Amino acid sequence: MSEFDFTSTAVVGLQWGDEGKGKIVDWLTAEHDCIVRYNGGANAGHTVVVGSDRYALHLIPSGILSGHKTCIIGNGVVIDPFKLIEEIESLESRGIAIGDRLLISDRAHVVMPYHKEQDTVLEEALARSSGMDRSIGTTRRGIGPAYSDKVLRATAIRMGDLLDRNVLRQKLSVICPVRNAQLASMGSESTFDAEILTEQYAAIGDRLRSNITDTVYLLHDMVQEGRSILFEGANACLLDVDFGTYPYVTSSNCSTLGIPAGTGLPGSTIKRVIGIMKAYSTRVGGGPFPTELHDVEGDRIREAGNEYGTTAGRPRRCGWLDLVAVRYSAMVCGVDSIACTLFDVLQGFKRLKLCTAYRLPDGTTTDRFLPSAEQLATVEPVYEEFQGWNTDMNTIGSRQELPSQAREYLGRIEEFVGVPIDIVSIGPERTQVLADTTGAGSR
Ligand code: GDP
Ligand code: IMO
Ligand code: MG
């Protein structure tokens with residue numbers, strides 16, 4: 001019997017991404033039969049460290065590293081098939097067999113090369129607009145334009161379309177002229193040829209033919225057979241297109257609310273939600289970040305936590321833990337339990353701060369997250385201060401062995417958010433986890 005006795009679980013980021021979801025998914029994989037991605041695309045970068053091996057996963061669920069679990073890329077994901085092949089080949093070259101363990105929804109939408117060009121051209125235009133940088137700071141992986149086409153319908157390509165050269169040709173012969181005109185109007189010199197793209201993408205369809213399938217029936221069949229599903233969230237709740245710091249968000253529902261729409265399974269399938277929260281805050285790209293540090297303490301967090309992006313290598317913005325934001329995400333995602341990651345990074349700080357309210361420009365305070373990025377940009381964080389600790393986390397075997405100051409810090413988070421912290425991660429490696437199941441409640 002495993003430590004955790006439950007069936008289907010969702011893992012979701014409670015901040016602005018890079019909370020260590022990949023590590024926790026990898027750790028939970030042993031308890032599940034199938035690991036499913038439901039949102040996002042190659043904008044995600046999930047790192048898993050196994051001994052001296054480091055893996056960076058972008059489209060393929062982190063569960064693939066287990067060697068025998070089924071992994072699914074659900075319909076809610078946008079897939080750059082060339083990146084996917086690159087990732088498959090890179091894993092296979094490192095001895096990870098993929099074969100038919102990876103199944104891809106025929107309904108998932110394709111990120112095409114013109115999407116990446118649109119993403120880049122728009123970001124550059126926004127950076128220059130009216131003398132102010134209004135860019136989102138996207139990963140330029142074509143995510144927003146691909147989801148836009150999904151909603152537009154007539155200009156979209158789905159993975160299933162790659163399996164039929166004629167369908168693909170018909171669609172691209174309509175899309176390419178429209179897209180070329182749009183790109184030219186934005187000053188881009190790139191043009192896309194329907195015939196060339198048809199050949200390239202039909203060839204990749206042939207290559208992935210045995211992996212592309214109707215994952216909706218597949219997932220329902222698995223649930224009927226009593227198999228357990230692990231939902232791997234990409235990006236994070238504060239980047240959710242509906243509930244994040246809009247417009248400084250990504251283009252999918254990365255909160256748990258995206259799971260039914262991104263897989264075809266009803267929400268009732270999810271028996272437990274684990275929210276992943278860094279012991280501090282980081283953000284990549286633009287947008288409000290109330291607890292951001294522009295001083296030596298921020299630099300220290302960045303260096304100690306190696307806070308440089310997995311996808312684009314960008315230095316991450318760093319700051320104190322924002323509990324107003326985390327409590328909001330935990331509420332939206334229906335979190336049952338928190339995994340606090342990168343806890344070792346806080347070791348050696350003399351004092352630490354937790355943000356438990358925002359001071360508004362009129363002098364009043366609120367402990368509620370704000371829906372407008374403009375409003376959020378004007379708040380001042382209200383902090384509670386805590387004493388630091390200086391204990392090497394490698395000497396710690398259980399949560400109870402943590403120094404009293406560290407337990408106080410974690411205890412205040414649990415009290416404020418109203419959710420138990422059942423997992424404390426104290427290093428990047430797979431085994432560097434302190435798990436406490438006593439406070440865990442499944443539905
Ligand atoms: P994800 O996108 O949420 O999967 O997170 P990323 O992989 O982008 O970023 C998390 C980074 O922190 C990766 O480099 C992980 O290897 C690393 N990491 C995860 N957990 C811990 C931890 O507890 N301590 C330390 N020091 N690093 C960790
Ligand atoms: P993981 O899964 C951190 C951010 C980008 C940008 C905004 C929009 O590794 O936690 P996009 O390319 O999606 O249109 O960019 O969202 N972003 C992430 N930041 N981690 C991620 O994923 C992210 N996915 C998107 O930096 O600000
Ligand atoms: Mg990441």
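Helix α1 (21-29) and strand β3 (46-50) each contribute at least two residues to the shell around ligand 1, where helices (H or I, at least four residues) and strands (E, at least two) are DSSP runs numbered from the N terminus. The model is predicted, so that local features need pLDDT of at least 70 and side-chain atom pairs count only at pLDDT 80 or more, while totals for chains, interfaces and linings use all residues. Residues are numbered from 1 along each chain as its sequence is written, chains are lettered from A and ligands numbered from 1 in the order in which they are written, and side-chain values use heavy atoms, leaving out hydrogens and water.

Ligand 1 is surrounded by 19 residues, the closest being Lys21, Gly45, Thr47, Asp344 and Ser425, with a residue taken as near if one of its heavy atoms lies within 4 Å. Oxygen atoms of ligand 1 lie 2.5 Å from a polar side-chain atom of Ser425, 2.9 Å from a side-chain N or O atom of Asp18, and 3.3 Å from a polar side-chain atom of Arg316. Of the 580 Å² of accessible area that ligand 1 has on its own, the protein covers 95%, by the Shrake-Rupley method with a 1.4 Å probe.

Turning to helix α4 (residues 143-152), Ile143, Pro145, Ala146, Tyr147 and Asp149 are buried, that is, under 20% relative accessible area (1.4 Å probe, protein chains only). Among the elements that cover these buried residues of α4 are β6 (78-79), β8 (109-110), α3 (113-128) and α5 (165-185), and just after α4, Arg153 adopts a positive phi of about 75°.

Key: Buried < 20%, exposed > 50% of the residue type's maximum accessible area, 1.4 Å probe, protein only. Contact = heavy atoms within 4.5 Å. Polar contact = N/O pair within 3.5 Å; in protein donor to acceptor, adjacent residues only side chain to side chain.
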